[in-house]
Amino acid sequence: MSRPSSSAGVGDIRSSTPRSKAGAMGATRNARPGNTNMLASLRQTQIIASKPVLPAELIAVILDYVPVPDLLRCARVSRRLREMVYDDSRWIQKLRAIGVWDEAEARQRLDDALRRKMEVQRVQEETEAKRSGGDLSATKGTSTRTRAHAGSVTLFDAGHEERRYRSSLDHSQQPVRRPSLTDGFEDLTLSPASANGASDGKSDPAVALHVLERVQSIRGKARQEFAKVYAALGPLYLDLSTWNNQSNSVIFRLYRDPEQQAQVLSQLRRFSRCDHTEGWAVRQGKLDALVKVFESAVLREFEQGLAANDVDVRMKRYAHVLVSLNGGRAAMDAYIDGNAVIQKSTVLGNPLDCLDGVAQGHVDLNSSQSFFERLARLLVDQASTIDRVFPSGVDVLTPFLSRICDGILTDYLTTLYDEAHDHGRETYVKAVSGTFSQAVRLAASLKPSTSSSSDFAAQSSLMITQCFDRHIDLYLSEELKFFETRANEDVMRWERELSEQQETTESYFMSNINRQAAKRDFLTSFKKVVMMPVNVLPAFPFAASKPVPNPALASLEASAASQSRP
């Protein structure tokens, strides 16, 4: 890089005019020998201070788009550019773009460093106080004891001054080390990657597999941390712009194991996020194409293992490769889509069996119970298979259960409810309520996989109950109508029974009252008729005061009284 001109912010020392040069030459002829000539020349010069053409903010933005090797070269230009290039926030921004900078960790490390620094300072103060014979509290401005006189304070320590003098001599004799351009990039070459992408032999290919996982968030050390990442992944990433065929990539020459290749590709995709230099679109496009080709090849091997039911060898191996590449989403989709249950090759039950051979208004829930039991056993077996195939941390059972609910369970319930609704309102209501209770028991019987979340029970229950959402409105409407119809029928039956009972009671009481009245009227009339001759005859004076009883009348009254009793 050429030397910066005066417009770059560096002052120039120039001769003012040609006449000043002549005056300097005349002064040289007339002056005495010694340093007078040099001083005379300096007096004739002018220091022209110039300001930078670009402001610091714009220069900082430009440096964001400069490649790392060119950044290190820019640090050679001036102290100001060095400070701008080595600014810690610039490298923190790159680490944050990659996704390896943890602000909480950096803050915690800073607090710990300050705490340790304060502790060391306190220990040094205590040591200095003990050595000088003073009081530590006095150094802090909080004296705890009364001094007898001011002469007890040590104003000059000859031993301490002698040690300081020796230390200064030792430092003066040592060669002064200029700040290195590659401070933090010691193992990094400034030249771009070679045509074949070969490394310089200093970097270990195994470092690139886990380099991003070992990055530490330390303020003031962000440049050194990024240097480790760039030294491991920079040559591999810059190699992307040198080849035209995926097979020529250095990645497939350095790494032979598919899982290692997937790890490197994953690291490079994260590393590419901090690339904003010229040609970044080409490099990222080639990287995406390389990842896509690699993923398709691995996914093909996984699907073949799934078709052959090779769980513990091919499926397990290539599932781990896909997880290392991009989280295993493609492997999860292939496993779910290729499952025999999802493809409807395994029939769990016929919903119409619940309505065949049953009376009007009834439903056979034994068939639906068998369906839910077979589904529960299938999900338990799938959880065990998922634990064997996929690595820990990849939850496949939850999306698999979601597909089962959206496909198998929803289709079964919809077919059953539509047919039950055609059979009648009572059949529909009984079918919905019965299968809902069976579905709740299914959710309670499921077992989570090793990688399932802690709230798997709540999630599974929610997914299963959501299968009834589309039927809830119709069910509530039909249930209300069914309840109203049954309630009206029961009320009418009760009213009819009460009316009949009331009519029977009234007729009984009314018939009993009329019979008694008729009997009383008959006896009264008969008594009048029988007693009439006795009252008509005159009373003789010689007759006794006590009437003579009439046997015929007494027997008649007794027989009438016995008949009148109920």
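Contact here means heavy atoms within 4.5 Å. The model is predicted, so local features need pLDDT of at least 70 and side-chain atom pairs count only at pLDDT 80 or more, while totals for chains, interfaces and linings use all residues. Residues are numbered from 1 along each chain as its sequence is written, and side-chain values use heavy atoms, with hydrogens and water left out.

**View A. Surroundings of tyrosine 335.** Leaving aside residues up to four places away in sequence, tyrosine 335 touches Phe302, Leu306, Met315, Gln382, Thr385, Ile386, Phe390 and Val396. Tyr335 is also among the residues with the most contacts inside the largest nonpolar core, together with Phe226, Leu233, Phe271, Phe302 and Phe390. That core has 110 residues, and helix H17 (residues 397-423) gives the most to it, with 12 residues. A nonpolar core is a set of buried Ala, Val, Leu, Ile, Met, Phe, Trp, Tyr and Cys residues joined through side-chain atoms within 4.5 Å. Buried means under 20% relative accessible area, exposed over 50%, and partly exposed in between (1.4 Å probe, protein chains only). Helices are DSSP runs (H or I, at least four residues), numbered from the N terminus.

**View B. Salt bridge between glutamate 103 and arginine 219.** The N to O distance is 2.0 Å; a salt bridge is a side-chain nitrogen of Lys or Arg within 4 Å of a carboxyl oxygen of Asp or Glu. Glutamate 103 lies in helix H7 (residues 103-132) and arginine 219 in the loop between helix H9 (158-173) and helix H10 (222-238), 116 residues apart. Glutamate 103 is partly exposed at 25% relative accessibility, and arginine 219 is partly exposed at 38%. Arg96, Glu103 and Arg219 are linked in a network of salt bridges.

**View C. Salt bridge between arginine 314 and glutamate 301.** The side chains meet at 3.0 Å, N to O. Arginine 314 belongs to helix H14 and glutamate 301 to helix H13, so the pair ties together parts that are 13 residues apart in sequence. Relative accessibility is 25% for arginine 314, which counts as partly exposed, and 29% for glutamate 301, also partly exposed.

**View D. Salt bridge between aspartate 337 and arginine 403.** Here the N to O distance is 2.9 Å. The pair links distant parts of the chain, with aspartate 337 in helix H15 (residues 329-337) and arginine 403 in helix H17, 66 residues apart.

**View E. Backbone at asparagine 309.** Phi of asparagine 309 is near 60°, a positive value in a residue other than glycine. Asparagine 309 sits in the loop between helix H13 (280-307) and helix H14 (311-326).

Technical notes:
Helix = DSSP H or I, 4+ residues; strand = E, 2+ residues; numbered from the N terminus.
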